[in-house]
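Subject: A structure for you to explore

Hi there,

Here is the structure I promised to pass on to you. Have a look around it first, and then read my notes below.

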Amino acid sequence: ISGCAAHGAIVSPRSRNSIDYRAGVRGIDRCYNFSGPACENGQAAHYYSQGCTIGCPTCDHVSGRQQVDLCGLGKSATLPDYARSVNRQAAAGSDLDIYKHNPWRAPGSAPVADACGLAGGTPWGADAPEEGRYVNTSFAHHGMRGTALRELATGVRWVIGGAAEVTWQVRNNHGGGYSYRLCPAGEALTEACFQRHPLPFE
């Protein structure tokens, strides 16, 4: 499952990004699962990319909340108004539409630092601004690529073509959205692989 354009994470089935629950780390946030077992999600919501705006070739890793076109290439939002999740009263594209450069506003057109996020949102080892906090454990460290984490066995088996029930948490909402995408076990975990295999909602 890939990430989202906010701080959030899949809760059930457990993702590899939640591995720190085994070290007793709960992250800096609380996770509640009202429809199933206790939510012990480690620091899964702290794997993300920051400084990644639509139309830019790379993430700068430092401009997490800079609501501007970071690379100056002029990419415009493509998301229809009904799908916007915050600041919906602002006219699309206006000066008050402060989230118009965020990844969700033109799905698939923003870069990611890693298909499964970076621990703490930055590639370096120290805590950084913009919620770039991460507690290092024997399983993972700040700056680690989520794709470098080992697969986390869940015991969950899905049937091809069947329906699957999942739960998800949101930590911070920066005008983002989410999708469920898979990458076959025999392929490298890349953003391109995940984008080739989206799952429909029912």
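Leaving aside neighbours within four places in sequence, which residues is Tyr134 in contact with? Please keep in mind as you look that this is a predicted model. Setting those sequence neighbours aside, Tyr134 touches Asp20, Gln43, His46, Tyr47, Ala119, Gly120, Asp127, Ala140, His141 and His142.

Some of these names come back in the largest nonpolar core, which has eight residues. Tyr134 belongs to this core, along with Ile19, Tyr47, Ala119, Ala140, Met144, Leu149 and Leu152. Another core lies apart from it and has five residues, among them Ala115, Cys116, Cys183 and Phe194.

Start with Cys52 and Cys59, whose sulfur atoms are 2.1 Å apart in their disulfide. The link between Cys52 and Cys59 is right-handed, with 110 degrees about the S-S bond. Are these two cysteines buried or exposed? Buried is the label for anything under 20% relative accessible area. Cys52 has a relative accessibility of 9%, so it counts as buried, and Cys59, at 11%, counts as buried too.

Next comes the disulfide of Cys56 and Cys71, with 2.3 Å between the sulfur atoms. Here the angle about the S-S bond is -95 degrees, and the link is left-handed. Cys56 and Cys71 both lie in the loop between strand 2 and strand 3, so this pair ties together parts that are 15 residues apart in sequence. Cys56 is buried, with a relative accessible area of 8%, whereas Cys71 is partly exposed at 30%.

The remaining pair is Cys183 and Cys193, with an S to S distance of 2.1 Å. The torsion about their S-S bond is about 105 degrees, so this disulfide is right-handed. Cys183 sits in the loop between strand 4 (167-172) and helix 1 (191-196), while Cys193 is in helix 1, so the pair ties together parts that are ten residues apart in sequence. Both Cys183 and Cys193 are buried.

What about Cys116? Cys116 is in no disulfide, and the nearest cysteine sulfur, that of Cys183, is 8.4 Å away. Cys116 is buried, with a relative accessible area of 9%.

Finally, there are a few spots in the backbone to look at. Most residues other than glycine have a negative phi, and most peptide bonds are trans. Which residues are joined by a cis peptide bond? They are Ser12 and Pro13, with omega at about 0 degrees. Pro13 lies in the loop between strand 1 (7-12) and strand 2 (47-48).

His61 has a positive phi of about 70 degrees, although it is not a glycine. You will find His61 in the loop between strand 2 and strand 3 (118-119), and its relative accessibility of 18% makes it count as buried. Asn87 is not a glycine either, yet it has a positive phi of about 55 degrees. Asn87 is also placed in the loop between strand 2 and strand 3, and it is partly exposed, with a relative accessible area of 25%.

Enjoy exploring!

Best wishes

Notes
Residues numbered from 1 in each chain as written. Predicted model: local features only at pLDDT ≥ 70, side-chain atom pairs only at ≥ 80, totals over all residues. Heavy atoms only, no water. Helix = DSSP H or I, 4+ residues; strand = E, 2+ residues; numbered from the N terminus. Buried < 20%, exposed > 50% of the residue type's maximum accessible area, 1.4 Å probe, protein only. Core = buried A, V, L, I, M, F, W, Y, C linked by side-chain atoms within 4.5 Å. Contact = heavy atoms within 4.5 Å. Disulfide = S-S within 2.5 Å.
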